[in-house]
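Okay, thanks for coming, everyone. Let me put the structure up, and then I'll walk you through it chain by chain.

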Amino acid sequence: MRLILEVWRQDGPDAEGSFETHEITDATPEMSLLELLDRLNHQLVENDQDPVAFESDCREGICGTCGLDVNGVPHGPEDNVPACGQHVRSFTDGQTVRFTPFRARSFPVVRDLIVDRTGLDRIIQAGGTISVDAGTAPDADTLLVTHDDAERALDFAACIGCGACVSACPNGAAYLYTGAKLAHLALIPHGKEERAKRARSMIAQMQHEFGPCSQIGECALACPAEIPLLAIAAVNRERLRAGFKWRKPN
Amino acid sequence: MSATSDKQTKQKEAPVAVTIDQLRVVGKPLDGRVPDVHPREAWTDRKLHYNLVNPNNRRKFKVIVVGTGLAGAGTAAALGELGYDVDVFSFHDLPRRAHSIAAQGGINSPRARKVDNDSIDRFVKDTVKGGDYRGREEDAYRLGEEGIRVINHMQAIGAAFAREYGGQLATRSFGGVQVSRTYYTRGQTGQQLELAAAHALSRQVAAGTCKLHSRQEMLDVIVKDGRAQGIVVRDLVSGKVRAQTAHVVILCTGGYGNIYYKATLAKNSNATAIWRAYKRGAFFANPCFVQIHPTALPLMSKWQSKKTLMSESLRNDGRIWAPRKKNDDRDPNTIPENERFYFLEERYPAFGNLVPRDVASRNIRERIDAGYGVGPLHNAVYLDFKTGIERLGVNVIRERYSNLFHMYEELTGEDPYKTPMRIAPSVHFTMGGLWSDYDQMTAIPGLFVGGEAGWAYHGANRLGANSLLSGCVDGWFTLPYSVPNYLAGLLGQPALDPKDKAVSDTMKDVQAGLDRLLDNDGSYGPDHFHEKLGAILDRYASVSRSPEGLTTAIGLIRELREEFWRDVKVVGEGDRLNHELETAGRVADYLELAELLCVDALDRDESAGAHFRTDHEIDGEAERNDEDWCFCSAWQYPEPGGKHIRNFEPLTFRAVPLQQRNYK
């Protein structure tokens, strides 16, 4: 297959960027979109040109490292599939495929298709954890968790932290990401003592760096882990619940 | 590594047969500093004799942790919780990206709640026997004993383990074991454990005890006065080379399986940190012990960038078979029962599809090589869930493996609920790694190792679901005891002055290495050489190895290394993000490590676990030689031009008497 690749090139956060056009003549339908970029880079290196900087690691959809927009859609044309699982077979011979970095003010470009997503981790640092030191945990069978609660917690805990939800959102909101963590931790008994505090601090940090939610729902369509839109409700629910707690906010 | 000889003179040279004595010298016996008590008591005894650091003094000690996988994030978080001043380095953008996240099936723990007769002793027996008696019994005991607390801790910090309907933790069985001791979260156990660990690290970052240095790749260890006192890193964004000094350095940088070019490992996993530590004086243990996982997706096309693991847990309910007819291209669903060969079930009735990984891999490879492979390239066998679905119903199968089935469908476009999966063996885990004593300290005092980067626990073959366990045990419940014991002896001493000559010298070495790559006037990118190296290792140092093949491989690797330095080109600049430069450095290290891997495989004149020598087999099974080879090989970096030096740590077995493995 022949494909035209339009790729965003940008040297650094403050540099001017621009599109570069390349042609791949030997693409095959079963190639993933990242393998298509591998192919392009192989070609560029052969011609002594700088390869396109893009990120990936596990290439099996779990690490969340890959993150780029394809024809303006996070990860690529198929809903709920990470870039490493998107395939050339979604395109037709001769088609133009446009690669751009995740688009969000909170994700500054590092180089080419690589963005800085440390803002996501700052939301976790604000309180997305359970304060139990090594060795101090009670026996794991003493706190029972129903089968269904564990399964539902896992539905939310499956978030791979790629940031596609932020890039998909016209507002650059991180509600789906934050809500997934809040819902996951709200569904298991461990750390319930910190539940209200966690909600307040994580949501405050989220609002500090990311945009507001207008309930558009693009995030859930893009999410490779299929985090349900319910996660957004979880943000609001946890915020409301924290507000009703009479303990002083800290 | 001179680049003077050109291709023509090379061709004239007849291949010179080398013997192992021309390649290596035997060094000294090593002391693992294991307490001289019954293995069951060793860890208790060791902990009792450890020195402690007063809580007020802990913040005066600077600790470097490299890597944020289960071992690294755990160590850093636990030492941070205790009050040490920790600097954490990772080449990723976020700590959660570390490759532990991709582990699927589960984590073992001999909590022994069920009445299936599990116990710590049985866990040790399984682990030692599964490892074919080439690991320490005492390490296995620590793994089992601390494994109980690991489940409690990981659950408490947020890992949502699967639960029974009564609310208790659920378990399943795994290969090489006849009890049910594997805890899991669907097919994404590694993800849930890694997130819990990385988030625990985030808690310490917020608390100020851990400082995170992301997108920094470690390129050297600073050794001064015989102690590891810091590291040199390259900032992957700015390209700047800088140093960080500390009282102690802990490497949790993962395994070297990517040396085979296409493995199940993440693209960035590499051997550079441990290899550079080796070149500064740490010993490399058993580099030839490489696990080939039986159930990975086969290669299907030229540009396929890696192989993808399909969890071993699938073998609980999936049955492995190949057609009885060669090159049978029929739709598998149309092949009648009597034309299917369930070769694991027939050959190993006691364990069936749940034989250990090495046994499964060799049998699958044997079928494929004999011409019974399936799929477009005839390089796979079937993993069939039909019986499982009939027995348990599709919902149970979905609940157990939905994300694996989903992943398979995403990658192949086929539905495994209806059509059997196609699977093939792939390099997956390296049991070898930096040699360490019982405290996880390497041959360089002050340099510790955790997780897959080390050699402990797994001997010559790792049991499924024991790697998440070893990462967690090292991280949360071993290094936080043993590292303070070392630090206690340094009380009152400041960390190495960043202006010290040892620091600037090491930085100069690193910069020179980078410049050498950037200035090399070649014509092929580093990937070209990596691919060639992978082909050599795949052919000569994979599921089975012969002395002739290994000798050939060593010659080919040496040639390839020369070719690399003659002909590699690294496009782009050193002062910015440059993946080509990163790759080139890693491939240069692989080209050296590959030789050691083959020398070790040639040297180890027996079959053991994953190391299967064609000249040491009985009826197709590995033939161990306990008389001559019951030790861990710990290779020492030689002087330039010198032979490889093989030190050895003798292994003794008291709790699990030596016996030939038998899964029939």
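Before I point at any strands, a word on pairing: two strands pair here if DSSP finds at least two bridges between them. And the elements themselves are DSSP runs, numbered from the N terminus, with helices being H or I of at least four residues and strands being E of at least two.

Now the housekeeping. This is a predicted model, where local features need pLDDT of at least 70 and side-chain atom pairs count only at pLDDT 80 or more, while totals for chains, interfaces and linings use all residues. Residues are numbered from 1 along each chain as its sequence is written, and chains are lettered from A and ligands numbered from 1 in the order in which they are written.

I'm calling a residue buried if 20 or more other C-beta atoms lie within 10 Å of its own, exposed if 12 or fewer, and partly exposed in between, with the C-beta atoms placed from the backbone. On that count, 55% of the 250 residues in chain A are buried. Contacts, for me, are residue pairs whose C-beta atoms, again placed from the backbone, lie within 7 Å. Take the contacts in chain A with a separation of 6 or more, and 71% of them link residues 24 or more positions apart.

So who sits with whom among the strands? Strand S1, residues 3-10 of chain A, runs parallel to strand S5, residues 96-101 of chain A, over four bridges. If you want a spot to look at, A:Glu6 is opposite A:Arg98 in S5(A). S5(A) also takes strand S3, residues 68-70 of chain A, this time antiparallel and with three bridges. There, A:Asp69 has A:Thr100 as its bridge partner.

On to a helix, H6 of chain A, residues 195-209. Its 15 residues reach 21 Å from first C-alpha to last, close to the 21 Å expected at 1.5 Å a residue; that expected span is 1.5 Å times one less than the number of residues. Among the buried residues of H6(A) are A:Ala199, A:Met202, A:Ile203 and A:Met206. As a reminder, an α-helix has 3.6 residues a turn, so residues three or four places apart point the same way. What do the buried residues of H6(A) pack against? Three helices of chain A: H2 (118-125), H5 (175-186) and H8 (230-244).

Two loop residues I like. A:Thr25 is in the loop between strand S2 (17-24) and H1 of chain A, and it's exposed, with 9 other C-beta atoms within 10 Å. Its C-alpha is 5.9 Å from that of A:Met1, 24 residues away along the chain. A:Asp50 is in the loop between H1 and S3 of chain A. Is A:Asp50 buried or exposed? Buried, because it has 20 C-beta neighbours inside 10 Å. Skipping neighbours within four places in sequence, A:Asp50 is in contact with A:Leu44, B:Val571 and B:Gly572.

That takes us across to the other chain. The contact between the two uses 61 residues from chain A and 60 residues from chain B. On the chain A side, the elements giving two or more residues are helix H1 (33-46), strand S6 (109-111), H2, helix H3 (147-157) and H5. That side divides into 27 nonpolar, 19 polar and 15 charged residues. For the record, Ala, Val, Leu, Ile, Met, Phe, Trp, Tyr, Cys and Pro count as nonpolar, Asp, Glu, Lys and Arg as charged, and the others, Gly among them, as polar.

Chain B itself has 19 helices and 23 strands. Its C-alpha trace spans about 75 × 70 × 50 Å, and 59% of its 664 residues count as buried.

Helix H8 of chain B, residues 189-207, is mostly covered, with 17 of its 19 residues buried.

Last stop: an open sheet in chain B, three strands in the order S8-S9-S10, paired antiparallel. Strands S8 (216-224) and S10 (241-245) are the edges, each pairing on one side only. S8(B) and S9(B), residues 227-235, share eight bridges, and B:Asp220 is opposite B:Val232 in S9(B).
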